[in-house]
Amino acid sequence: MSKLLVNEKEIVVPGETLATGMDNLPGNGTYRDGENIIASRLGLVQLEGRAIKLIPLAGRYIPKTGDTIICKVIDVSINGWRLDTNSPYSAMMSLKDATFDFIARGADLTQYYDLGDYAVGKIINVTSQKLVDVTMKGPGLRKLKGGRVVEVASNKVPRIIGKAGSMVSMIKDATGCNITVGQNGLVWIEGTPENEFLAIQTIRKIENESHLSGLTDKIKAYLEKAKKK
Amino acid sequence: MYSELRNHIIKLFESNVRLDGRKLTEYRKPVTVEYGVTNTAEGSARVKIGNTEVIAGVKIEINKPFPDTPAEGGLVVGAELLPLSNPDFELGPPGIEAIELARTVDRGIRESKCVDFKKLCIEEGEKAWFLIIDIVTINDAGNLSDASSLAALAALKDARFPKLEGEKLNYKEKTDKRLDIKNSPIAVTVIKIGEKFIVDPDTDEEKAIDARLMVSSIEDGTLCAMQKGGNYPLTAEDIIKMVDIGIEKGKELRKAL
């Protein structure tokens, strides 16, 4: 006899039983223990057909295949680069994934990516042991030159991007800045000093008020007010 | 390693703006000093500059004076950079940054002569009061040096002597006797990045510094200590400008005491 024990959008804590029986499937942030589906994180319940998912309220970014992230080079080795992904797991970018350029044998790899460089990459694979592979080949993937990187809570990233990128394009239009939001909670911003600062303040505001409804209108009004000054 | 960041900062400086929107020689707000934050120390203070937070405590002990100064008390400053305050800090014996921090704070207090160590002597060559200042970083969001020196001074001002019962000290009871602090040495670290000078760097700016000069001064603008750091040299004109900024900003910072 299967039974769902929680409602949509209910806050659950780790260890809480969400459902019994085999009719439901464990999604993100949950796991199956015998007959039960149990929460492994603090978050809001989201029901998607038979699957039970959790939207975490807080926590570090965990690499996921297909995510576009902003990463920092932390090591240059003979067969590629090791990247910090702003998560507990570092990523590896191999030579073949790094650039379309021809890399001669024994070339100095720091001319492509040096320590401390930031880049937009895409996660191509995450193993069960959380070994992460990142590629630079794809649309929009590149080394970041100039600008600066700010950190936001990774679970607020969907709010900063907005529905189909509406929020971030609104900030881009209002400030004239180039903005790239990585799924891992790093945001790269480049523009004139004042606009750059305004973009960061706007992002911080979104982060702080992400739980409120009508956020897009609020941010729109905020940006308009700030532009008038 | 941080050349991109440095170039970006220099680009911003051309229009006199910093990463967080401040002017070049502007401290983060608010700068707050809170006295008496621990019971176990004879004097303590918590200083916050923006998100940077430092606690300093003073213990007052009786020790044998150092052989070279038999008629004077002593001052020992220690700094601990806790790993919880910055992910780059490691546990273990104090590293070069912690030692530099402790020594610059020590130098500021010692050379400003704000405490008369001769008065701390109880019995020449045998007994004297020793001031032990411990600095603990709670959060490092940049500019630990200015926060630490301000906290150390505030803790000294807060300190009260423990009760002396015969030979023994009773730390449970504090007397009303305070240290005689004659002046207040304030350290201001002036940073050079590119051709510009700034004060109160945040974590990102600290990564991109060319040179830094810690300038300690007292109320009337008298210099009492300096410390140069960073990989680039400074010209004589640079130093004169930095000292001027340091003294001026020191006056502003002193108001927080």
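Let's start with helix α3 of chain B, which has 15 residues and reaches 20 Å from its first C-alpha to its last, close to the 21 Å expected at 1.5 Å a residue. That expected span is 1.5 Å times one less than the number of residues. Helices here are DSSP runs of H or I with at least four residues, strands are E runs of at least two, and both are numbered from the N terminus.

Before I go on, a word on the source: this is a predicted model, where local features need pLDDT of at least 70 and side-chain atom pairs count only at pLDDT 80 or more, while totals for chains, interfaces and linings use all residues. Residues are numbered from 1 along each chain as its sequence is written, and chains are lettered from A and ligands numbered from 1 in the order in which they are written.

Back to our helix. Is α3(B) enclosed or open? It is largely enclosed by the rest of the structure, because 14 of its 15 residues are buried. By buried I mean that 20 or more other C-beta atoms lie within 10 Å of a residue's own; 12 or fewer makes it exposed, in between is partly exposed, and the C-beta atoms are placed from the backbone.

That leads us to the cores. A nonpolar core here is a set of buried Ala, Val, Leu, Ile, Met, Phe, Trp, Tyr and Cys residues joined through C-beta atoms within 7 Å. The largest one has 60 residues, and B:Ile135, B:Ala151, B:Ala152 and B:Ala155 touch the most other members. Its largest share, nine residues, comes from α3(B), residues 144–158. Apart from it lies another core of 39 residues, including A:Val120 and A:Leu186.

Take B:Ala155 as an example. Leaving aside neighbours within four places in sequence, B:Ala155 is in contact with B:Gly43, B:Ser44, B:Ala45, B:Ala56, B:Gly57, B:Val58 and B:Ile133. A contact means that two C-beta atoms, placed from the backbone, lie within 7 Å.

Now the sheet in chain B. In what order do its four strands come? The order is β10-β9-β11-β12, in an open sheet with antiparallel pairing. Two strands pair if DSSP finds at least two bridges between them. At the edges sit β10 (196–199) and β12 (223–229), each pairing on one side only. On average, neighbouring strands are turned by 25° against each other, direction ignored.

Strands β9 (residues 186–193) and β11 (residues 211–217) of chain B are joined by seven bridges, in the antiparallel sense. One pair to look for is B:Lys192, whose bridge partner in β11(B) is B:Ala211. Our helix α3(B) packs on this sheet too, touching β9 and β11 of chain B, and its direction makes about 175° with that of β9(B). Helix α2 of chain B, residues 96–111, lies across β9, β11 and β12, running at about 160° to β12(B). For these angles, axes are lines fitted to C-alpha atoms, for helices over the stretch in contact, and values run from 0 to 180 degrees between N-to-C directions.

Stay on β9(B) for a moment, where we find B:Ile193. With 23 C-beta neighbours inside 10 Å, B:Ile193 counts as buried. B:Ile193 and B:Ile10 are 183 residues apart in sequence, yet 7.0 Å apart in space, C-alpha to C-alpha. Beyond four places in sequence, B:Ile193 touches several residues, among them B:Arg6, B:Phe13 and B:Ile198.

There is also a hairpin in chain B, made by β7(B) and β8(B) with two residues between the strands, and B:Gly166 takes a positive phi near 65° there. The two strands pair antiparallel over five bridges, with B:Arg160 opposite B:Arg178 in β8(B).

Over to chain A, which has five helices and 17 strands. Its C-alpha atoms fill a box of roughly 65 × 55 × 25 Å along the principal axes, and 30% of its 229 residues count as buried.

Helices α3 (166–175) and α5 (215–228) of chain A have axes that come within 11 Å and cross at roughly 10°. They are therefore roughly parallel to each other; under 35 degrees counts as roughly parallel, over 145 as roughly antiparallel, 65 to 115 as roughly perpendicular, and the rest as oblique.

Last stop: β16(A) and β17(A) form a hairpin with four residues between them, and A:Gly185 in the turn has a positive phi of about 90°. On β16(A), A:Ile179 and A:Val181 make up the covered face, with A:Asn178 and A:Thr180 on the uncovered one.
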